Amino acid sequence: MNKSFDIPFVGLKQGKHHFKFEVGKTFFDAFPLSTIENGDLIAEVELDKKETIMISNFIVHGTVKVICSRCNEHAKIDLNDTMINYYKFGTEKEDDENLFVLFPDEYKINVAQQVYELITVALPSNPKHKKGDCNAEMVELIKKYQSKEKKEEIDPRWEKLNKLN
């Protein structure tokens with residue numbers, strides 16, 4: 001895991017602490033199955049340390065470079081999202097995906113995985129260029145081969161049922 005995303009919490013006093021991380025190509029290279037090829041993002045973490053728990057507020061903003069689902073060319077997508085995670089000190093595992101248990105021998109947390117998950121969840125399910133920015137040649141090919149919807153003739157016996165609603 002990327003050591004530059006480590007937050008040593010042992011020496012921190014109780015209260016809020018702010019951390020800022022730059023997310024770029026080398027960050028995404030560490031996740032080999034990532035659909036994101038590159039990015040220019042800032043990840044900010046506000047860590048509120050209390051006696052038995054730490055609350056982290058993640059904020060990610062910037063752009064990522066992904067493949068457009070319409071024209072299959074590279075597209076820059078703007079992202080801006082937040083997430084909250086909780087870290088509690090203890091020894092029992094938790095089932096909550098936003099609650100992490102920090103064992104007594106741990107002295108730092110690595111937030112790279114949480115930052116990556118926030119970025120991927122913030123991505124639209126079908127990332128596309130802004131309207132008019134797609135590869136014009138590909139858009140024309142799509143229009144050419146797109147099936148023309150034919151209005152099917154409905155059996156008159158069934159058409160009366162459609163009118164009931």
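1. Strand β2 (residues 15-23) and strand β3 (residues 38-49) pair in the antiparallel sense over nine bridges. Within this pairing, Val 23 has Leu 41 of β3 as its bridge partner. Strands are DSSP runs of E with at least two residues, helices are runs of H or I with at least four, and both are numbered from the N terminus; two strands count as paired if DSSP finds at least two bridges between them.

2. The model is predicted, so local features need pLDDT of at least 70 and side-chain atom pairs count only at pLDDT 80 or more, while totals for chains, interfaces and linings use all residues. Residues are numbered from 1 along each chain as its sequence is written, and side-chain values use heavy atoms, with hydrogens and water left out.

3. The average pLDDT (the predictor's confidence in each residue, from 0 to 100) is 88 for the protein, and 95% of the residues score at least 70. Where pLDDT is low, the predicted coordinates should not be read in detail.

4. β3 continues into a hairpin with β4, with three residues between the two strands. Their antiparallel pairing runs over twelve bridges, and Lys 49 stands opposite Met 54 in β4.

5. β4 (residues 53-67) also pairs with β5 (residues 74-89), in the antiparallel sense and over 15 bridges. Ser 56 has Asn 85 in β5 as its bridge partner. Six residues lie between the strands of this hairpin, where Asn 72 takes a positive phi near 65 degrees.

6. The pairing of β5 with strand β6 (residues 99-102) is parallel and covers four bridges. Here the bridge partner of Tyr 87 is Phe 100 in β6.

7. The structure holds five salt bridges, each defined as a side-chain nitrogen of Lys or Arg within 4 Å of a carboxyl oxygen of Asp or Glu. One of them joins the side chains of Asp 6 and Lys 108 at 3.2 Å, N to O. Because Asp 6 lies in strand β1 (residues 6-8) and Lys 108 in strand β7 (residues 108-110), this pair ties together parts that are 102 residues apart in sequence.
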